[in-house]
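Welcome, and please open your viewer.

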Amino acid sequence: MTLDIRILASGSGWRAADVICSAQPHDRPFEEQHEAICITAVTDGLFQYRGTQGTAVLAPGALLLGNAGHCFACGHEHSSGDRCLSFHFTPDFMERIVAAVPGARRLEFARSSLPPLPEFLPLAAAAEAARDASDEEELEELALRLAGAVTATLAGTSALPCVPSARDERRIARALRRIEAFAGEPLSLTALAATAAMSPYHFLRTFRAVIGMTPHQFILHTRMRRAAVRLRRTRDGIAAIALDCGFNDLSTFNRRFRRIMGVSPGAFRAAARA
């Protein structure tokens, strides 16, 4: 059996990894141990999971839940290989999320998995797209959102709507000013939350309640708006504009520009000149 693990993104207390397993039905399961609290989204394949919290057959769309230090084993008696997007959290990081979810009390998961629930579909699809696009900023947001959603589901509650106070709005305004000043540079959720003097999870929920979109979506919108303005006003090369506005490479910029604006950057510039 070959297990290929590629770290996609990481920060203080969390990391995201693309995990590809090539185990075959004739391979014997072997015991492993969760190094951290983990929430793993199955994206391809089928496998059996046996852990301290019970057993489960996991198919695409399901979530594997693991507790730090607990042992487990995976088997592939019904299929060959699988691929997962795995989020790992330190206990301190997860404890802050649990404290922010109404009705949540347990830090450890009492069950081994969650089935493919409709409420997790948007998050799972976004996470898979972020994995394929190597979007570290969005993966950081999705790690927090997924951890909060799982915690609320296991607590038997739904995440209550965030009602920002005047103080919250002032804190979010500080983060907005930082985005406006440094939109072309890497901006992690953790750094923006520190600017607002909030925990990352509380900042994410409050920002969305105040602005109407997540920090990552707002940053992308700001970068795209600035790029569109430069395409109209200047004759700068498209690649230079993309890099100056904070996009990692030209292909990513072209793909996102076309998705949002409906045309390629070159066509947008040509139409503006016409």
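In what order do the 4 strands of the open sheet come? The model you are looking at is predicted, and its open sheet reads β3-β8-β5-β6, with antiparallel pairing. As background, strands of a sheet pair through backbone hydrogen bonds, either parallel or antiparallel.

**Stop one: the edges.** Select residues 31-33 for β3 and 54-58 for β6. These are the edge strands, and each of them pairs on one side only. Now look along the sheet: from one strand to the next, the twist averages 25 degrees.

**Stop three: two helices.** Next, select residues 91-100 for helix α1 and residues 136-155 for helix α3. Two packed helices are described by the angle between their axes and the distance between the axes. Here the axes come within 9 Å and cross at roughly 55 degrees, so α1 and α3 are oblique to each other. Their crossing is right-handed.

**Stop four: the contact itself.** Which residues of α1 meet α3? Show side chains for F93, M94, I97 and V98 in α1. Across from them, in α3, show L144, A147, G148 and T151. Colour this contact by residue class and you will find 6 nonpolar residues, 2 polar ones and no charged ones.

Definitions and conventions
Residues are numbered from 1 along each chain as its sequence is written. This is a predicted model: local features need pLDDT of at least 70, side-chain atom pairs count only at pLDDT 80 or more; totals for chains, interfaces and linings use all residues. Side-chain values use heavy atoms; hydrogens and water are left out. Axes are lines fitted to C-alpha atoms, for helices over the stretch in contact, and angles run from 0 to 180 degrees between N-to-C directions. Angles under 35 degrees count as roughly parallel, over 145 as roughly antiparallel, 65 to 115 as roughly perpendicular and the rest as oblique. A crossing is left-handed if the near helix is turned anticlockwise from the far one by less than a right angle, and right-handed if clockwise. Contact means heavy atoms within 4.5 Å. Ala, Val, Leu, Ile, Met, Phe, Trp, Tyr, Cys and Pro count as nonpolar, Asp, Glu, Lys and Arg as charged, and the others, Gly among them, as polar. Two strands pair if DSSP finds at least two bridges between them.
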